[in-house]
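Have a look at the picture, then read on.

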Amino acid sequence: MKTGAFVLLIMGALVGFAVPVHAAELHVVTTTSDLASITGAIGGSRIEVVSLSKGYQNPHFVDAKPSYLLVMRKADLLVAVGMELEVGWLPALLQQCRNPKLLTPAHYLDASATAKILEKPTYQVTRALGDVHPFGNPHYWLDPENGRAIARAVEAKLVELDPDGRSAYEANLSAFESRLSLKEAEWRSSMGPYAGTKVITYHNSWPNFLDYFGLVAAGYVEPRPGIPPSPSHTLDIINLITAQQVPVILVEPYFDTKTPDFIASKTGAKVLTFYPSVGGVPDIEDYIDLFDHDIKLLTAALGGGR
Amino acid sequence: MRRSLSILAFTAGLLAFAGPSSRVGFPPAPAACAQEAPPAEPAQPPVPPGAAPQQASNILNPNLSLVGNMAAYAGNDPALSDRAFEFLEAEIGLQAAIDPFSRADVFIAVSGEGVEVEEATVTWLALPASLGLRAGKFRSSFGKFNRTHPPETPFLDRPKAAERLFGEEGLASVGLSASYLSPTPFYLNIDLEATTNWDEAPLFGEETESGEIEAGGGRSDLGYLARLSAYHDFTEETNIFYGLSWAHGVHDPGAKLASDAWGADATVRWKDPRRAIYRSFTWQTEAYYARRSEVGDDTDVRGGFSYVEYQFARRWRTGLRGDYIEEPIERGTLAYLTFWPSEFSALSVQGLYSRGPEDRDDLSALLKLTFNIGPHGAHPF
């Protein structure tokens, strides 16, 4: 008995010795870089956070690479966008990662739970409509207020999993929120003059962004979500842009700009590569940068006149 | 009490109406989230007072999906169907968590030949020490290709080596499968399986005079399988998945005659994540060596296949496959062009050239149509 305790003590000491001083309290995996940015801002040095997908990837189409399993295997928490954004790849990873913890609500945070979700279908959803998400539009993180909701949900979850870090997490959250509030005022004043402006977007990724800044989606380059452009629909969009004087076409970086460029050449609308996620280009380092970048791009395009 | 029950039922009904849970086999976590969704509006339930409590919710029904696989044949290859059109199968999938500890995945194939359970497994998820455990009927982990359900392979036919050794459906049987994900810094997985000797696999059975395969093996004759597989990312775009497999069974239990198969497989993929939906490349090769013990002398067979597939536009893929198998020697080449209107259906035009044992040349034109309805399944990797 005594020997057992001694061995345990030695082992404990060894383990303690093996762990570096700066070891993170929690290993967090997020499905997207935006969630990683927000989670990292709240967790600070107490957590280690890894995003499975990169900011320049189409989050609907991420390959379930076996190397992701190794990251997920040691995770204490998985933060996902939810709303079926990751339905093509996350379930397969969850089933194979040998980390049964992540299958329990305590270690799985669906970030959409407290966010403002738009376009919840009030009709019978069928695939005839394309890739319509039956629970609503999953690109909700593009509303900065939803960024705040996500940050609060993450903070609550981190406190739940690591109560010792409560004060650190609370302080980080309040720092994040005040930085966000400051920035929101700045963004609103830059975007204010353009309220009511109509835009065309490639995929229906931007309802929350447009809603927040009072912009209007006049149409989409895709005839149906997830269905590539067709000649007749492209013609409709050209006519629509001409009739309604739509100044810009916003294209997510992972889509081909061939059709948008063609539409632009026929109408004079400007094509903007619009980034929906952190890390889409290297200078979008965090969630705040994401809006900075996009708003700078958009105001420059709109302010420059047609 | 009854009122709150009916409110619950109504809320659940609303949730169910909001659409089928598209998560094929999504784990319990999101389901729990769904339960937590606040019943925002104090809606007046349209249930007459005194109604008997209804079934609580459709949301607990298993995910139901169906994959259809249809074929058309032209040409003179006697190895293929002699009909012009054939509906190969409708594969019905039923998937759900059983309880917090396990999930069930059942695939039933309905075809002209009848109804067959393709796969039906219970998988225990909450196991310690990086272990995975499955029981039921499943496709054996021999190589990578064998695990893929026929409608989901790029080909209408099966590679000649796979078909001649493992049968028209591939290796599948009933038993137990354990897997272990090693703690190495790269992905390294070990699968061990013990099943009833493989029915319908020519390597593990005796061909009767009518051409049917009679399964070898009785209660004490099991099929054993081991597989070691690994994965590496070379770059963000390029990766390799490779493995070694071994299967051991009997083909004549009376005479205690065993069959063994060894396999090596490698799959190289390229896909730029920035252009993931437009361009991709896959190269898969599987090589087999099989030995069938016979009274007197053993039969050794080598065979394999290799294919490349290139996605050159969002909805278009083209591929080329080469086949080789011995005893007797047979070679084949398959070329195909596949159009994917969406990720839920595909129409493939395929040309197959076979050179059989009697130096006979066969040329066939094939058409494969597959479609998938039901919740969104996982993209295959």
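Take the contacts in chain A between residues at least 6 apart in sequence: 62% of them join residues at least 24 apart. Here, two residues are in contact if their C-beta atoms, placed from the backbone, lie within 7 Å. Keep in mind that this is a predicted model, where local features need pLDDT of at least 70, side-chain atom pairs count only at pLDDT 80 or more, and totals for chains, interfaces and linings use all residues. Residues are numbered from 1 along each chain as its sequence is written, while chains are lettered from A and ligands numbered from 1 in the order in which they are written.

**Chain A overall**

- Chain A has ten helices and eight strands; helices (H or I, at least four residues) and strands (E, at least two) are DSSP runs, numbered from the N terminus.
- The C-alpha trace of chain A spans about 85 × 40 × 35 Å along its principal axes.
- Of its 306 residues, 49% count as buried, meaning that 20 or more other C-beta atoms (placed from the backbone) lie within 10 Å of a residue's own.

**Helix H5 of chain A**

- H5(A) covers residues 144-161, which makes 18 residues.
- From first C-alpha to last, H5(A) reaches 26 Å, close to the 26 Å expected at 1.5 Å a residue (the expected span is 1.5 Å times one less than the number of residues).
- Buried residues of H5(A) include A:Pro144, A:Gly147, A:Ile150, A:Val154 and A:Leu158.

**The open sheet in chain A**

- Four strands line up in the order E6-E5-E7-E8, with parallel pairing; two strands pair if DSSP finds at least two bridges between them.
- The edge strands, E6 (216-220) and E8 (270-273) of chain A, each pair on one side only.
- On average, neighbouring strands of this sheet are turned by 35° against each other, direction ignored (axes are lines fitted to C-alpha atoms, for helices over the stretch in contact, and angles run from 0 to 180 degrees between N-to-C directions).
- E5(A), residues 198-201, and E6(A) share four bridges, and A:Ile200 stands opposite A:Gly219 in E6(A).
- Helix H8 (residues 231-244) of chain A packs on the sheet, touching E5 and E6 of chain A, and its direction makes about 150° with that of E6(A).

**Strands in chain B**

- E12(B), residues 257-270, and E13(B), residues 280-292, run antiparallel and are joined by twelve bridges; B:Thr267 has B:Gln284 as its bridge partner in E13(B).
- E13(B) also pairs with E14(B), residues 299-313, in the antiparallel sense over 13 bridges.
- E13(B) and E14(B) form a hairpin with six residues between them, and B:Gly296 in the turn has a positive phi of about 100°.

Definitions and conventions
A residue is buried if 20 or more other C-beta atoms lie within 10 Å of its own, exposed if 12 or fewer, and partly exposed in between; C-beta atoms are placed from the backbone.
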